[in-house]
There are 2 protein chains.
Amino acid sequence: MRLLLIEDERELAAALSVALSKHGIVTDHATHLADAFELTLQNNYDAILLDRRLPDGEGLTFIPKLRQAGTDTPIIVLTARNEPLERVEGLDIGADDYLGKPFLVEELTARLRAVLRRPAGLAELQISAGRLVIDPLHLNVTINATQFDLPRRELLVLVTLAKRRDKTVLRSTLEAAVYNYEEEIQSNALDAHISRLRKRLLDAGAGVTIHNIRGVGYLLKED
Amino acid sequence: MRLLLIEDERELAAALSVALSKHGIVTDHATHLADAFELTLQNNYDAILLDRRLPDGEGLTFIPKLRQAGTDTPIIVLTARNEPLERVEGLDIGADDYLGKPFLVEELTARLRAVLRRPAGLAELQISAGRLVIDPLHLNVTINATQFDLPRRELLVLVTLAKRRDKTVLRSTLEAAVYNYEEEIQSNALDAHISRLRKRLLDAGAGVTIHNIRGVGYLLKED
DNA sequence: TATCCCGTAATACTGCTGCAACCTTCGCGA
DNA sequence: TCGCGAAGGTTGCAGCAGTATTACGGGATA
């Protein structure tokens, strides 16, 4: 899962990013609305976390702008402005949820799950492929009901591929699922992860194969 | 076990929270229905304790609201309004139990166990792993039919892992099971508990091992 | 008072992860 | 069919983030 966090306090943003990463969530960060808008055009975020008081304007104005651009990415407003009328204002303008600061990271992740559950269960509870059964919310993978342990980055690759099994996943999508844009990759780190993941899947007899589509990306198929 | 207590008398709430913690129950506290509703959306409570007379309304109105939101968490009403007709009212509206104030904490925990045993609740009555037999409702652990005593926090870690034995438990899930949102952890307290728990399990010949999945979490396996 | 729990912090350790070097495969054009 | 360049695959290695262990002391409990 990949989020865009629009928040001008860098320390808070950094801390939140670290906390969310422990839930397997990759976070991009923007401090200004203008930057944020650019990022939404370039990336496909699962959700957006939006502060209200920002250096270049009231955060809420971002919502209609984004909606007019045809984006229906869920937006959660995170703000100290948490009076009931302010919440109404935020929700009425099109936010999917509204969370007052300070808040628990647990609460935020749960709200994220709730928000992502809404449209016809965008978040599947269980994905099976070959002999793998994957729980993408718990980041849990089993083979024949026994746990299949993976390092974090390989796990994220596998879950991302599994969510779109039998469909190609762009290389850039994979990179986005595993790294945020502060973690730059100057080498073939992703290829290395896929290589190691393939070996593990083979050794474990997972019954799935990762195929490459040259110049495009990868896809996960049952054998 | 983690509960939500909805109660406007802070002293009573604090006292109850302490009392319950001695039974290994982690309690979050809300004084208003609105706050409580937010919390239920975000956390997965095992049960909810609900007062009737609250600053922002009659507690019972909370029940249909919660049910409509698709939550079937058991609800126990705790109130001074304990006339028979009032009890009927509470149960008819969907409460799972109704307990008049004042009450003994023992009775409350017993009723909690009863509620959690019911079909809807997926609470297992007994978990066995290695030579351990765990009763997650009584927080009771035995090895070869003899009692295996553990400090409270280690016990909570063990039970949480046991409930998902052979599956990974995210580090953040463990933290939520052991600490409520007022108890912040600034160090590696959880790691320390796990380390001490491991040693105890080894010394006792429990026949189970706690494995770490780097960057993800932990899991309990039989040897 | 003695005991035990528990958070903190210092230290040691482990293995994931990015990198880079090198090898293989693919697709295209001659 | 062959050659060539680019994309992808594989693997050793060093660095370091995450984890393990343990001692210490405050605080609760009896």
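What percentage of the 223 residues of chain A count as buried? In this predicted model, local features require pLDDT of at least 70 and side-chain atom pairs count only at pLDDT 80 or more, whereas totals for chains, interfaces and linings use all residues. Residues are numbered from 1 along each chain as its sequence is written, and chains are lettered from A and ligands numbered from 1 in the order in which they are written.

The buried share of chain A is 34% of its 223 residues. A residue counts as buried if 20 or more other C-beta atoms, placed from the backbone, lie within 10 Å of its own, as exposed if 12 or fewer do, and as partly exposed in between. Chain A contains eight helices and 14 strands; these are DSSP runs numbered from the N terminus, with helices being H or I of at least four residues and strands E of at least two. Among chain A contacts between residues at least 6 apart in sequence, 56% join residues at least 24 apart, a contact being a pair of residues whose C-beta atoms, placed from the backbone, lie within 7 Å.

The largest nonpolar core has 78 residues. Such a core is a set of buried Ala, Val, Leu, Ile, Met, Phe, Trp, Tyr and Cys residues joined through C-beta atoms within 7 Å. The members with the most contacts inside this core are Leu3(A), Ile6(A), Ile48(A), Leu49(A), Leu158(A) and Leu158(B). Leu49(A) touches Leu3(A), Leu5(A), Ile6(A), Ile76(A) and Leu78(A), with residues up to four places away in sequence not counted. A second, separate core of 31 residues includes Ala36(B), Leu49(B), Ile75(B) and Ala95(B). In soluble globular proteins, nonpolar side chains tend to be buried together.

Leu108(B) is located in helix 5 (residues 105-117) of chain B and counts as buried, with 21 C-beta neighbours inside 10 Å.

The interface between the two protein chains takes 16 residues from chain B and 17 residues from chain A. On the chain B side, helix 2 (33-42) and helix 7 (171-178) each supply at least two residues, and helix 7 of chain B gives the largest share, three residues. This side has seven nonpolar, five polar and four charged residues, where Ala, Val, Leu, Ile, Met, Phe, Trp, Tyr, Cys and Pro count as nonpolar, Asp, Glu, Lys and Arg as charged, and the others, Gly among them, as polar.

Within chain B, the axes of helix 6 (residues 152-163) and helix 8 (residues 189-203) come within 9 Å and cross at roughly 85°. Axes are lines fitted to C-alpha atoms, for helices over the stretch in contact, and angles run from 0 to 180 degrees between N-to-C directions. The two helices are therefore roughly perpendicular to each other, the class for angles of 65 to 115 degrees. Arg153(B), Glu154(B), Val157(B) and Leu158(B) of helix 6 meet His193(B), Ile194(B), Arg196(B) and Leu197(B) of helix 8. By class, this contact has four nonpolar, one polar and three charged residues.

DNA strand C is surrounded by 25 residues, the closest being Pro151(A), Arg152(A), Pro151(B), Arg152(B) and Ser187(B); a residue is near a strand if its C-beta atom, placed from the backbone, lies within 6 Å of it. Helix 6 and helix 8 of chain A, and helix 6 and helix 8 of chain B, each supply at least two residues of this surface. Its classes are eight nonpolar, nine polar and eight charged residues. Around DNA strand D there are 21 residues, and the closest are Ala192(A), Ser195(A), Asn212(A), Ser195(B) and Asn212(B). Helix 8 of chain A and helix 8 of chain B each supply at least two residues here. The surface near DNA strand D has four nonpolar, eight polar and nine charged residues.

Ala145(A), not a glycine, has a positive phi of about 70°. Ala145(A) lies in the loop between strand 10 (140-143) and strand 11 (146-147) of chain A and is exposed, with 9 other C-beta atoms within 10 Å. Asp166(B) also has a positive phi, near 70°. Asp166(B) is found in the loop between helix 6 and strand 12 (169-170) of chain B and counts as partly exposed, with 15 C-beta neighbours inside 10 Å.

Technical notes. Parallel < 35°, antiparallel > 145°, perpendicular 65-115°, else oblique.
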